[in-house]
Amino acid sequence: MSLTDKACIVTGANTGLGFEVAKRLGAQGAETTLLCRSERRGEEAIGRIKRAHPDALVELAVCDLSSLTSVREFIAGYEERHPRLDLLYNNAAVMSPKRTETPDGFETMFQVNYLAPFVLMTSLLDLLKKGSSPFLINNGRPSYKLRLDWDDLQSRKRYSMYRSFFLTKLCLLFATLELARRPGSDGVTITMIDPGPFKSDLVRGNRLIGWFKNLISAPVEKAADNLLFHFIPEEAESKHGRVFKEKEAHALSDYWTDPNNGTRLWSVTEEMLKGTVN
C-alpha cells in the first residue's frame with residue numbers, strides 16, 4: 001500500500017504499537033509525525049526508522065500529553081507547518097497503580113488517555129477535513145460492563161489501576177461516537193479500534209502481571225497489522241462511527257450508543273477544559 005503524500009500523526013510513537021505504526025506509515029511514503037514526550041527517546045525512534053527505511057519521511061514532535069499547554073503548542077505549530085492532515089492516530093496511553101494529578105489538576109490517566117486526545121481530535125478536525133479520505137482513529141478497548149460515575153469521572157472516590165484505566169477508554173469511546181454523529185465531522189472517518197492484546201510496557205506498576213500479559217499476548221507487529229488493516233481510503237465510508245476489535249466490527253451496546261451519554265460527557269469535558277485555556 002502506497003501512502004505517498006499522506007500526512008499522519010501518531011501519538012506515543014517512540015515505542016510499542018505507536019512506533020510500529022509510525023514506522024510502517026513512514027516506510028509506505030506517508031509524511032509521519034511521531035508525537036513523543038521524550039525528545040531523546042523520540043530521536044532514537046526516528047533513528048531506528050531511518051536505519052531501516054532511509055527514505056522514510058518522519059519527523060519528531062515533542063509533546064507532553066500531561067500538559068495541555070504542551071498539547072496546544074504542538075497543535076499550533078503543526079497547523080503552521082502542514083496544510084492538511086490525513087490520519088490522526090491517538091495511540092498514547094498511561095496506566096498508573098497510584099492516583100496522581102497533572103499540573104493542570106486532572107487525574108493523570110484521565111488527562112493523558114482522554115482529555116489530551118479530545119483536544120487533539122477536536123482542534124485538528126478542520127485540518128483533517130482538508131485531507132484526502134482522512135481518518136481519525138482512537139485506540140481503545142472499552143468494556144461492556146463499565147458505567148461512568150458522573151460524580152467521579154476522575155476516580156477521586158474510587159481508584160484502581162485497571163478499572164480507572166478502562167473508564168478513561170470508555171470516555172474516549174463516547175467522545176469518538178459523539179464526534180462521529182456531529183455534522184461538523186462530515187468527510188472525516190472517525191472510529192475506535194482495539195488492535196488486540198500485544199506485548200507492551202504499559203503495565204509498569206506490577207511486573208508479574210505485566211510479564212504474564214506479555215507472555216500470552218501477540219507480537220506488536222500483529223497489532224499494527226490489525227490497525228492498519230482499517231486505514232484504507234476506499235473503505236472509509238464503511239468505517240465511520242464504528243468500533244472494531246482487531247479486524248472485525250465490535251457490536252455497540254445500547255449504553256454506548258445512547259446519545260445522552262455522549263452529549264453529556266462532551267459538555268462536561270468542554271466545561272473542564274475552559275479553565276485550562278490561557
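Me: Is the crossing in which α4 passes α6 left-handed or right-handed?

Reply: α4 passes α6 in a right-handed crossing; a crossing is right-handed if the near helix is turned clockwise from the far one by less than a right angle, and left-handed if anticlockwise. Please note that this is a predicted model, in which local features need pLDDT of at least 70, side-chain atom pairs count only at pLDDT 80 or more, and totals for chains, interfaces and linings use all residues. Residues are numbered from 1 along each chain as its sequence is written, and side-chain values use heavy atoms, with hydrogens and water left out. Helices (H or I, at least four residues) and strands (E, at least two) are DSSP runs, numbered from the N terminus.

Me: At what angle do α4 and α6 pack, and how far apart are their axes?

Reply: Helix α4 covers residues 108-123 and helix α6 residues 161-181; they pack at an angle of about 15°, with their axes 8 Å apart. Axes are lines fitted to C-alpha atoms, for helices over the stretch in contact, and angles run from 0 to 180 degrees between N-to-C directions. α4 and α6 are therefore roughly parallel to each other, a label for angles under 35 degrees, whereas over 145 is roughly antiparallel, 65 to 115 roughly perpendicular and the rest oblique.

Me: Which residues meet there?

Reply: From α4, the residues are Met109, Phe110, Asn113, Tyr114, Pro117, Phe118 and Met121. They meet Met161, Ser164, Phe165, Thr168, Cys171, Leu172, Ala175, Thr176 and Leu179 in α6. Contact means heavy atoms within 4.5 Å. By class, the α4 and α6 contact holds 12 nonpolar residues, four polar and no charged; Ala, Val, Leu, Ile, Met, Phe, Trp, Tyr, Cys and Pro count as nonpolar, Asp, Glu, Lys and Arg as charged, and the others, Gly among them, as polar.

Me: And α11, at what angle does its axis cross that of α4?

Reply: The axis of helix α11 (residues 259-274) crosses that of α4 at roughly 95°, and the two come within 12 Å. That makes α4 roughly perpendicular to α11. Phe110, Tyr114, Leu115, Phe118, Val119 and Thr122 of α4 meet Leu265, Trp266, Thr269, Glu270, Met272 and Leu273 of α11. This contact of α4 with α11 has nine nonpolar, two polar and one charged residues.

Me: Changing topic to the sheet: in what order do the strands run?

Reply: The order is β3-β2-β1-β4-β5-β6-β7-β8, an open sheet of eight strands with mixed pairing. Two strands pair if DSSP finds at least two bridges between them. β3 (58-62) and β8 (248-249) stand at the edges with a single partner strand each, so one side of each has no neighbour in the sheet.

Me: How many bridges join β1 to β2?

Reply: Five bridges join β1 to β2, and these strands run parallel. Within that pair, Val10 stands opposite Leu34 in β2. Strand β4 (residues 87-90) and strand β5 (residues 135-139) also pair in the parallel sense, over four bridges, and Leu88 has Leu136 in β5 as its bridge partner.

Me: Which residues of β1 point one way, and which the other?

Reply: Ala7, Ile9 and Thr11 point one way, while Cys8 and Val10 point the other way. Five of the five residues of β1 are buried, buried meaning under 20% relative accessible area, exposed over 50% and partly exposed in between (1.4 Å probe, protein chains only).

Me: Which strands does α1 lie across?

Reply: Helix α1 (residues 16-27) lies across β1 (7-11), β2 (31-36), β3, β4 and β5, and runs at about 165° to β1. Helix α2 (residues 39-52) also packs on the sheet, touching β2 and β3, and its direction makes about 170° with that of β3.

Me: Now the backbone: what is the phi of Ser155?

Reply: Ser155 has a positive phi of about 55° although it is not a glycine. Ser155 lies in the loop between β5 and α6 and is buried, with a relative accessible area of 3%. Glu246, likewise not a glycine, has a positive phi near 55°. Glu246 lies in the loop between β7 (242-245) and β8 and is partly exposed at 27% relative accessible area.

Me: Last one: is Arg163 buried or exposed?

Reply: Arg163, in helix α6, is buried, with a relative accessible area of 19%. Not counting residues up to four places away in sequence, Arg163 touches Leu146 and Arg158.
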